[in-house]
Amino acid sequence: MSKLYSGAEIVFKCLEDQDVEYIFGYPGGAVLPIYDELKNHESIKHILVRHEQGAGHAAEGYARSSGKPGVVLVTSGPGATNAVTALTDAYMDSIPLVCISGQVPTHLIGTDAFQECDTTGITRPCTKHNWLVKDVKDLSKIIHKAFEVATTGRPGPVLVDIPKDIQFQKTKYVSSIKRKKLNGKIHSKFNQSEIDQLVKLMVNSSRPILYTGGGVINSGPKASELLRELVSLTGFPITSTLQGLGSYPGDDNQFLGMLGMHGTYEANNAMHDCDLMINIGARFDDRITGKIDEFSPKSKKVHIDIDPSSINKNVKVDLPIVGDVSEVMLSVIKTLKKKNPNFASSNKEKTSKWWEKISEWRSVNSLNFINSDKTIKPQHAIQRLYELTKDKDTYITTEVGQHQMWAAQHYKFNKPNRWMTSGGLGTMGYGLPAAVGVQIAHPDKLVVDIAGEASVLMTIQEMSTAVQYNLPIKIFILNNEYMGMVRQWQELLHEKNYSESYTAALPDFVKLAEAYGCVGIRAKTPDELDEKIKEMINVNKPVIFDCLVDKEENCFPMIPSGKPHNQMLLGPNDQKENKITGKGKTLV
Amino acid sequence: MSKPKSAYSIPGKKQKSDTHVIVVWVDNEAGVLARVVGLFSGRGYNIESLAVAEVDSKLNISRITIVTTGTPQVIEQIKLQLGKLVPVHKVADFMRGDKKIIFKEMALLKIVGNNIRRKKAIKFCKKFNPVVLDKTNKSVVIQITALRREIDTIMNDLKKTGLVSVSRTGAVAMTRGAEVFK
C-alpha cells in the first residue's frame, strides 16, 4: 500500500511538483496545519507579508516579472476577503495566480463560525475558477488543475479553499497529470485561410498600424521577439497599450508610444486615421478607444486574441483570429516571407505618405512639458530616473494615478516583463507589494516602484516585508500632496472643486523609512535630483525616495471623456493658444 | 445636452434586442448554477426564465436552459463568456422564433370554484394537453404544457373561472428531427 499523506502535506507535494519556489502568505487559524508543514519543504520559501492584499500583489509582481504563476496562501474569513482586491486585479490584467485559502472545518461550514466566510462565493466573479475541497481525495487533483487553469489560455487567478479538517485528513497522493487540453478551454484554433486574409489586408494597406497589448507579454518572451521581427519585416508603425509596454523597444523609431487616454498624439491620431488596424493581444478597453462610435472610423480591424470573448466585445472587428499571439505571428511571418519576399521594400513606398503624416503628428511633441529650474516637474523626475537607470535592466512597478501615466509616457522599456502596473482594475497600492514580488524573482536587479504619495500609503506596511527579506526595492514617490489624477479631473471637469483630494497630515517619508529600518532620501530641487537618484540606486537597502514635485502639474496629452482619438487635449500651451474658443481645449 | 462629467465615455447607439434560448451543458457540481447565474447578473445580462436539471447521471451532466434577451453582440458575449467557465461543456443558442426548435413550458394551475367554473377552466386549457392532477368538490389542479405567451393568455382567461394559484417552469428546448446539437 502506498504511503498516506495529510492534506497539508499534499498541498506541498503539489507545489513541489509544480516547481513552486516562493509562496506569499499570512498565517491564521484555518491554515495552521499547512504552516506547520512548511518546515519540511526546503525548496519552498514562504514570504511573510503584512496584509493579504500585499501577498496577492507581491505574487502578481512575481508572476509578471518571471512568467511563472504566483502562489498566495491565506487564512479563512478576513484572510480571504483581504486577498479579493489582488485576485480581482489579477483577473483584470490576466495574471496567473494560485491562491490557497484556509476554511473552517467542514462540519462548521454554514454556521457562521469564527473567521468563516463564503470564500468561493465571494471570489467566484474574480477568479477564472475556484474550488472548495470537500474530500481530501480530491485535493491533489484540484491543486494541479488549479495551476493548469491559471496558466493556460488567457491566464488568470484561481482559488482553492481548503477546510481545516481536510488539511489533517490522510490519503494517497496522485501526482500531476499533464494533459494538453483542458476541457476545450484552450483556444488556438486559427487556420491558414485567416492568416492569408490578414496578409492580404497587410499587402493592400497604405495606412496600417499595429496595436499591441498585454497578450504579447503573457504569451512569453518569444512573442516579443516575433513582434520585433514582424514590425521590421513589415515596416508598419506600432503602438502599445499600457500593459503591452516593453514587448517592443520604446526608443525605436517605428514605435509611436503608448496610445489611449494619456497616449501620444501620434499614436492616437494614427489609430484614428489608419486603414488597417491589427490588434495583437489587446482588448479595446475604454481607456484605449475613447468614444466608441467614432473609434477609428476608416479602418479594417483585425483582432488576434487567445480569448474568444475578447473579440467583438467592445469593438466590432472585420477579421477575428483566435489563438496564441506567438503562434499567429509566427504563421503571419512565415506566410508573408513565402508569398511576398520583398514586402518590406514594396511596402515602403506605399506607406511613405502615412509615415509623413505620422512625422507631422510626432512634431507636435505631445509629451513635452514646461520644465522648471525651481521645482521638480514630475515628468522631469521620471526622465532623469530613466536616464540614470536605463543601462541597468531595471524593473519598474507603479501605483495608480498621474505618476503611473507619466511613468508609462517617459520611461522607455526595451524588454518584456520589466513593467508591472495595475491597468484593468487600477489598484492604488499595487506597486509597493508588486516590487517586493519582483525583487524576490530577481534578487540582483534594480527594482523601482514609481509611486504617488497617496497610493503608496495604501500598502506602505509592506516596507516591513522588504526589510525582513533584505529586498532593496526603491520606492520613488512623486509627492505632490494630492491624489493627482483626482485633482486633475476636478480641475478639468468639476470647476476646480478639489473635494477631498488633498492629503493633509502626510507622514514624513524620510522618517517613515527610518522607522521601517530602511533608507529615506528627499529631493526638493531639480539641482539635487540627479545626485539623490544616484544615491538611491547605490544603496543596497530598501529606499523610500520622497521626490517633492510640482503640486499642480497635469498629465497630458489626454483624451477627455466622450471624445474620439483625434480630439486630444494637449498640454498647458495648447490651452493658452485656444483661450478664445473657451471650450476649445481640444485640438483638431 | 450637458457636458458629461465622467471619466467614462457616454453610451453609444443601442441595437435591437432579440429573445434567445441558450442551452448549456455543465458538470453537475456544487456551485455550477451560481457560476452561470452570477455571470449573467455580474455582466448585466438578463434572465427571463431558467430551467435546470441533471440529464445524465453517469457522466454527471446537467442541462441548463436560459431564456434571455439581448442585442446580437450581447448574445454573442453570453455564449463566449459561458464557454469560458471551466465546468461548461457546450453552449447552444436558438432564436425564440426558430422553427427547427421545440420550446415548452409547464404550468400548474389551481382553480377554486363550482363545478361549472371548473369544467370551463378545463375547457379553456384543452389545446394545451391538460392533465387533471388533483380534484375535490371545490377545486381542481390542472397541468398544461405550452409556450410562454400561451400560458400568459390562458392565465388571463382563467381569472374568470377562479384561478387562485399558478406555478410555472422555465422553458426547455430541443431540436426537431433526428439531429442532436454537438
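# Structural terms and their criteria

User: In which loop is the place of Pro557(A)?

Analyst: Pro557(A) sits in the loop between β20 (543-548) and α24 (572-577) of chain A; helices here are DSSP runs of H or I with at least four residues, strands are runs of E with at least two, and both are numbered from the N terminus. A cis peptide bond connects Phe556(A) and Pro557(A), with omega at about -5°. The model is predicted: local features need pLDDT of at least 70 and side-chain atom pairs count only at pLDDT 80 or more, while totals for chains, interfaces and linings use all residues. Residues are numbered from 1 along each chain as its sequence is written, and chains are lettered from A and ligands numbered from 1 in the order in which they are written.

User: Why does Asn417(A) count as buried?

Analyst: A residue is buried if 20 or more other C-beta atoms, placed from the backbone, lie within 10 Å of its own, exposed if 12 or fewer do, and partly exposed in between. Asn417(A) has 22 C-beta neighbours inside 10 Å and therefore counts as buried. Its place is the loop between α17 (402-410) and β16 (419-420) of chain A, and its phi, near 65°, is positive in a residue other than glycine.

User: What makes Asn60(B) buried or exposed?

Analyst: Asn60(B) has 12 other C-beta atoms within 10 Å, so it is exposed. This residue lies in the loop between β2 (49-56) and β3 (61-70) of chain B; its phi is also positive, near 65°.

User: What makes a set of residues a nonpolar core?

Analyst: The set must consist of buried Ala, Val, Leu, Ile, Met, Phe, Trp, Tyr and Cys residues joined through C-beta atoms within 7 Å. The largest such core has 187 residues, and Val72(A) is among those that touch the most other members. A second, separate core of 14 residues includes Val140(B) and Leu163(B).
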